[in-house]
Amino acid sequence: MKRALIAVLLAAALPAVAGPSGLSVKARIAAPDAHWDYASFDPARRRVYVAHGDSVLMIEADTGKAWPDFAKGSHLHAVVPVPGTDRIVTTNSGDHTVKVIDARNGALLASISGPEDADSATYDLGSGDVVVIGGDDGVVQLIDPKAMKAVGEIKIGGKLEFPAADGKGRLYINAEDTHEIVVADLKAGKVLTRYAMPGCERPTGLALVAGDRLVSSCNGVAEILSAADGKVIASLAIGAGPDAVIYDARRELALIPSGRTGTLAVIALSGPKANQVIDTVPTAAGARTGTVDPRTGRVFLPTMRYTPPAQAGGRPTPVPGTFEVLVLDR
């Protein structure tokens with residue numbers, strides 16, 4: 001395994017002006033350029049994992065030391081730590097696999113045939129399975145990380161985004177093309193119902209939070225719904241281009257990074273301002289996914305720097321040599 005130590009660079013170029021949440025960009029961790037997708041936190045090992053091109057980028061949360069080639073993959077999308085084990089599970093759309101990795105050294109333990117577009121994933125505490133979303137073919141695959149094999153599949157159809165499992169047999173999934181949340185029964189392997197979100201354009205990130213609530217990130221809007229019946233509790237204005245909902249359970253916050261506007265919406269989930277945006281923290285263009293350290297509340301957001309698009313409505317161009325993980329702290 002190739003190890004390359006990357007220095008933590010202080011974010012001197014970004015003004016650390018804290019708003020009501022107390023969060024602001026405090027540091028940047030540089031790493032080689034690569035496509036990136038979801039990030040996750042391993043509380044047992046105190047690590048951040050980033051799906052980083054064809055490698056898992058691993059960062060030691062307490063020191064900022066980074067290993068950009070911790071484990072091999074193929075156009076990675078998600079990295080899921082498996083509680084109580086020495087294993088992580090990755091999704092790979094490049095070779096249509098789900099890989100089981102040894103968390104101690106990054107070694108490959110198993111490569112399992114996955115959905116064609118093996119994309120987002122989450123751990124289900126009730127079954128001990130990793131739930132993998134085939135985003136383009138509308139398939140949910142269940143992976144037993146201990147047996148290292150696929151143990152089930154649910155065919156839903158449509159364009160699926162991110163899942164959230166309640167640990168009691170229910171799975172919630174954002175359906176991007178139909179602007180709804182699909183509710184499925186993991187044990188029965190079938191769809192139970194669908195929650196419409198008419199005010200939501202292209203739902204992406206999703207989190208199941210305390211109070212049996214679902215928080216869904218849409219383009220410019222965050223929807224908070226009752227997980228029991230799909231009733232909309234709140235519809236909140238956020239930035240454009242979000243791709244994740246980061247749940248900070250200890251501080252009772254939902255954090256939504258928006259890549260187009262370069263902001264992080266901070267939503268209170270308790271207290272007098274519950275179900276309201278209490279802060280909009282400046283981050284950086286491109287910062288659309290991330291994770292939180294449950295102990296410290298530090299937020300990690302991968303991104304690159306961009307130049308404006310050549311034509312109105314076009315895509316911005318990434319600047320070579322600028323991939324980094326922003327670290328937000330109080």
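How many bridges join strand E25 (residues 263–268) and E26, and in which sense do the two strands pair? In this predicted model, E25 and E26 pair in the antiparallel sense over 6 bridges. Within this pairing, Ala268 stands opposite Gln276 in E26.

**The four-stranded sheet**

The two strands belong to an open sheet of 4 strands, whose order is E23-E24-E25-E26 and whose pairing is antiparallel. Strand E23 (246–248) and E26 each have a single partner strand and stand at the edges, so one side of each lacks a neighbour in the sheet. On average, neighbouring strands of this sheet are turned by 25° against each other, direction ignored.

**Thr283**

The loop between strand E26 (276–282) and strand E27 (291–292) contains Thr283. Thr283 counts as buried because its relative accessibility is 7%, below the 20% cut-off. The side chain of Thr283 reaches the backbone nitrogen of Thr263 at a distance of 3.2 Å; residue 263 belongs to strand E25 (residues 263–268).

**Nonpolar cores**

In soluble globular proteins, nonpolar side chains tend to be buried together. In this model the largest nonpolar core has 28 residues, and Val130, Val132, Tyr172, Ile181, Tyr195, Leu206 and Leu214 are those with the most contacts inside it. The residues touched by Ile181, leaving aside those up to four places away in sequence, include Tyr172, Tyr195, Leu206 and Leu214. Also among the residues touched by Ile181 are Asn174, Thr193, Arg194 and Ser216.

**The aromatic pair of Trp36 and Phe323**

A pair of aromatic rings is described by the distance of the centres and the angle of the planes. The whole structure holds 3 aromatic pairs. One of them is formed by Trp36 and Phe323, with an edge-to-face arrangement at 5.6 Å centre to centre and 65° between the planes. This pair links distant parts of the chain, its members being 287 residues apart. Trp36 lies in strand E3 (residues 36–42), whereas Phe323 lies in the loop between strand E30 (317–318) and strand E31 (324–329).

| Residue | Relative accessible area | Class |
|---|---|---|
| Trp36 | 3% | buried |
| Phe323 | 1% | buried |
| Thr283 | 7% | buried |

Technical notes
Residues numbered from 1 in each chain as written. Predicted model: local features only at pLDDT ≥ 70, side-chain atom pairs only at ≥ 80, totals over all residues. Heavy atoms only, no water. Buried < 20%, exposed > 50% of the residue type's maximum accessible area, 1.4 Å probe, protein only. Polar contact = N/O pair within 3.5 Å; in protein donor to acceptor, adjacent residues only side chain to side chain. Core = buried A, V, L, I, M, F, W, Y, C linked by side-chain atoms within 4.5 Å. Contact = heavy atoms within 4.5 Å. Phe/Tyr/Trp six-rings, centres within 6.5 Å; stacked < 30°, edge-to-face > 60°. Pairing = 2+ DSSP bridges. Axes fitted to C-alpha atoms, helices over the stretch in contact; angles between N-to-C directions.
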